[in-house]
Amino acid sequence: METIIKTTNLTKIFRTDEVETTALNNLTFEIRSGEFVAIMGPSGCGKSTLLNLLGLLDKPTEGLYEFLGNNVSALSEKLRAQLRKENIGFVFQNFNLIDELNVYENVELPLIYLNYSASERKKKVETALEHMNITHRKKHFPLQLSGGQQQRVAVARAVVTNPHLILADEPTGNLDSTNGEDVMNLLESLNKNGTTIIMVTHSQRDADYSQRLIRLFDGKILQENMNKTMILQD
């Protein structure tokens with residue numbers, strides 16, 4: 001399996017006139033295509049900062065970040081945005097759906113940004129909605145949906161472009177246990193079909209779905225554990 005992410009001494013420092021805070025301190029690790037990796041740790045340990053760097057929403061202060069074999073550490077925002085749109089899907093705790101767009105339109109949006117034709121968009125959106133079992137709600141607006149349904153739409157939007165990587169930030173944080181389990185089963189199914197997933201979570205139950213667990217503390221990797229044996233793909 002190819003290495004999709006490689007970091008070497010990845011460091012992120014936030015500076016103000018009076019305070020310097022090291023959010024991430026010399027992180028070195030690799031993630032291979034097809035892995036499901038959970039990242040855990042107490043609040044303030046650097047989990048969200050790391051997800052922002054891996055998702056090309058920010059760039060490191062020091063160190064090396066290689067994504068799909070390319071050094072992306074110092075890319076401009078324009079180039080990071082293009083790589084992000086083409087290769088990464090995001091699932092957020094708060095869903096981040098656009099209230100003024102219906103379900104179909106929310107899922108379609110990433111394809112519009114990537115200039116897919118109308119016929120291609122229709123096929124991909126309908127496939128994603130069917131996979132997430134939310135087709136029957138495609139004309140509804142986010143505020144007409146339950147939390148679990150909104151997260152299904154968010155997952156459909158994340159996968160509609162067939163990204164190399166899905167980054168999930170507390171994907172069950174606003175859901176009850178039943179809906180949370182449904183969402184985790186969806187992510188597990190996507191992973192079994194080959195999608196690489198990195199998930200930040202406070203939930204040990206959710207982390208148990210992953211194959212590998214990385215624990216952060218004070219911006220450093222405290223511990224790495226294998227949860228499951230990976231099934232090697234040809």
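Predicted model: local features only at pLDDT ≥ 70, side-chain atom pairs only at ≥ 80, totals over all residues.
Mentor: Residues are numbered from 1 along each chain as its sequence is written, and side-chain values use heavy atoms, with hydrogens and water left out.

Trainee: Why are α5 and α6 called roughly parallel to each other?

Mentor: Helix α5 (residues 147-159) and helix α6 (residues 177-192) pack at an angle of about 15°, with axes 9 Å apart. Angles under 35 degrees count as roughly parallel, over 145 as roughly antiparallel, 65 to 115 as roughly perpendicular and the rest as oblique. The two helices are therefore roughly parallel.

Trainee: What makes α3 oblique to α4?

Mentor: α3 and helix α4 (residues 118-131) pack at an angle of about 125°, their axes being 9 Å apart. That angle makes α3 oblique to α4. The crossing of α3 past α4 is right-handed.

Trainee: Which residues of α3 and α4 meet?

Mentor: Contact means heavy atoms within 4.5 Å. Val103, Tyr104, Val107, Glu108, Leu111 and Ile112 in α3 meet Arg121, Lys122, Lys124, Val125, Glu126, Ala128 and Leu129 in α4. By class, these residues divide into 8 nonpolar, no polar and 5 charged, where Ala, Val, Leu, Ile, Met, Phe, Trp, Tyr, Cys and Pro count as nonpolar, Asp, Glu, Lys and Arg as charged, and the others, Gly among them, as polar.

Trainee: Why are α3 and α5 also described by their direction as roughly parallel?

Mentor: Their angle is about 30°, and their axes lie 7 Å apart. α3 and α5 are therefore roughly parallel to each other. In this pair, Val103, Asn106, Val107 and Pro110 of α3 meet Val153, Ala156 and Arg157 of α5.

Trainee: What makes a space a pocket and not a cavity?

Mentor: On a 1 Å grid over the protein atoms alone, a cavity is a set of points where a 1.4 Å probe fits but cannot get out, whereas a pocket is an open set with protein on both sides within 12 Å along at least five of seven lines; lining residues have an atom within 4 Å of a point. The largest pocket holds about 450 Å³ of space.

Trainee: Which residues lie nearest the centre of the largest pocket?

Mentor: Of its 18 lining residues, Ile88, Phe90, Pro110, Tyr113 and Arg157 lie nearest the centre. The lining has 11 nonpolar, 4 polar and 3 charged residues.

Note on methods. Axes fitted to C-alpha atoms, helices over the stretch in contact; angles between N-to-C directions. Helix = DSSP H or I, 4+ residues; strand = E, 2+ residues; numbered from the N terminus. Points joined across faces, edges and corners; volume = space filled by probe spheres on them. Left-handed = near helix turned anticlockwise from the far one by under 90°.
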